[in-house]
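Here's a quick walk through what holds this fold together on the inside. Have the model open as you read.

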Amino acid sequence: MNAAAELAAQDADLLKLGRALQDSGYRFTTVTPATHARVNGRVGNEWARSIEDVLGWSRPFRRDVVPGTWLDWMASAGVLQAEGDGWRCTVRASTLGGALFFHSSYPTTSSSDVFFGPDTYRFAEAITQHLATGRVVRRAVDVGCGAGPGAVRVALARPEAQVTGVDINDRALRFARLNAALAHARQVSVVRSDLLSAVDGEFDLIVANPPYLLDAQERLYRHGGGGLGEGLSLSIAELACTRLAPGGTLLLYTGTAVCGGVDGFHDRVVAPLRNAGLDWHYREIDPDIFGEELQEPCYATADRIAAVLLTATRAD
């Protein structure tokens, strides 16, 4: 069953809101949490003055800012919270490559929150660059799909492919279904699965943008486990060694803590790739991200956290 057919009745009104936003030309690029806090902290930004303020910057708003029909859709979808003499919306809407994605509002503090940000844009661009090579994709999976940008990006580029988004977070699955429907990505199915445990067979393309930080609260969207956050990324890479079809590729966008000039994730992931006979390429996309995390005790030995892209391919 495709994502649109699986939408809950409550999400029908969010789908209407999303369509209305698309028709209105809504655009919003989601920034890092640190930048978001700085912008929202400016004098005059206490309350929303536009729909972008409401659904992008997650500012509280009063009735005159949102069209009445849109406010009714938000209310019936259960995404409004009273705040002062107005409301705050508990979802955000970001745009990426012409598509619109609902996800959790700022700040993301709950374990079930669904994150979307600069990593998402870099991940999506990596997928686009890979698919530009013209490789055939019959079956693809987005592991830890979150709001579904990876699955949607693959589906729109390869409309003939069967694309599955998997996650263990039920809220993420809800957003992924909704966002696939908004993008008219009808061949996307969304499955609750711990990694690939609930889906069978081999894949021509496995994409993943997993959590890669150490988080004291172990929030699902953020905590990667392992020594310095690399645990989940290593598990996905090792799993891909057994689930790639001939000619299939793993595209893993993740982060890694660099300590004393050593990238520990790189050193640990190379062995299983070599043992499986995969051709692989590894590169830094951004040498310095989430610098504020270095203040946490668990990163006391880290020089920096880098965004990296691992591409591993099984021979035909």
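## A word on burial

A residue counts as buried here when its relative accessible area is under 20%, and as exposed when that value is over 50%, with partly exposed in between. Keep in mind that this is a predicted model.

R122 comes out as partly exposed, since its relative accessibility is 22%.

## The D119–R122 pair

Those two residues are salt-bridge partners: the closest N and O atoms of D119 and R122 are 3.0 Å apart. Both sit in helix 5 (residues 118–131), and because they are 3 residues apart there, about one helical turn separates them. As a general point, oppositely charged side chains can pair when their charged atoms come close.

## Other salt bridges

Searching the whole structure turns up 15 salt bridges. One of them links the side chains of R59 and D53, at 3.0 Å from N to O, and both of these residues are buried.

Another joins D215 to R219, with an N to O distance of 2.8 Å. D215 counts as buried, as its relative accessibility is 8%, and R219 counts as buried too, at 11%.

## Nonpolar cores

Now for the greasy parts. The largest nonpolar core has 74 residues, and the members touching the most others are L21, V54, L55, M74 and F102. Helix 7 (residues 170–182) is the top contributor to this core, giving 8 residues. There's another core lying apart from it, made of 25 residues, including V141, V166, V308 and A312.

Setting aside neighbours within four places in sequence, L55 is in contact with L17, L21, Y26, M74, C89, V91, R92 and A93.

## Helix 1 against helix 7

How do helix 1 and helix 7 pack, in terms of angle and axis distance? Helix 1 (residues 11–24) meets helix 7 at an angle of about 45 degrees, and their axes are 10 Å apart. That angle is why helix 1 is described as oblique to helix 7. The crossing of the two helices is right-handed.

For the residues involved, look on helix 1 at D11, L14, L15, G18, R19 and Q22. Their counterparts on helix 7 are R174, L178, A181 and L182.

Key. Residues numbered from 1 in each chain as written. Predicted model: local features only at pLDDT ≥ 70, side-chain atom pairs only at ≥ 80, totals over all residues. Heavy atoms only, no water. Core = buried A, V, L, I, M, F, W, Y, C linked by side-chain atoms within 4.5 Å. Buried < 20%, exposed > 50% of the residue type's maximum accessible area, 1.4 Å probe, protein only. Helix = DSSP H or I, 4+ residues; strand = E, 2+ residues; numbered from the N terminus. Contact = heavy atoms within 4.5 Å. Salt bridge = Lys/Arg side-chain N within 4 Å of Asp/Glu carboxyl O. Axes fitted to C-alpha atoms, helices over the stretch in contact; angles between N-to-C directions. Parallel < 35°, antiparallel > 145°, perpendicular 65-115°, else oblique. Left-handed = near helix turned anticlockwise from the far one by under 90°.
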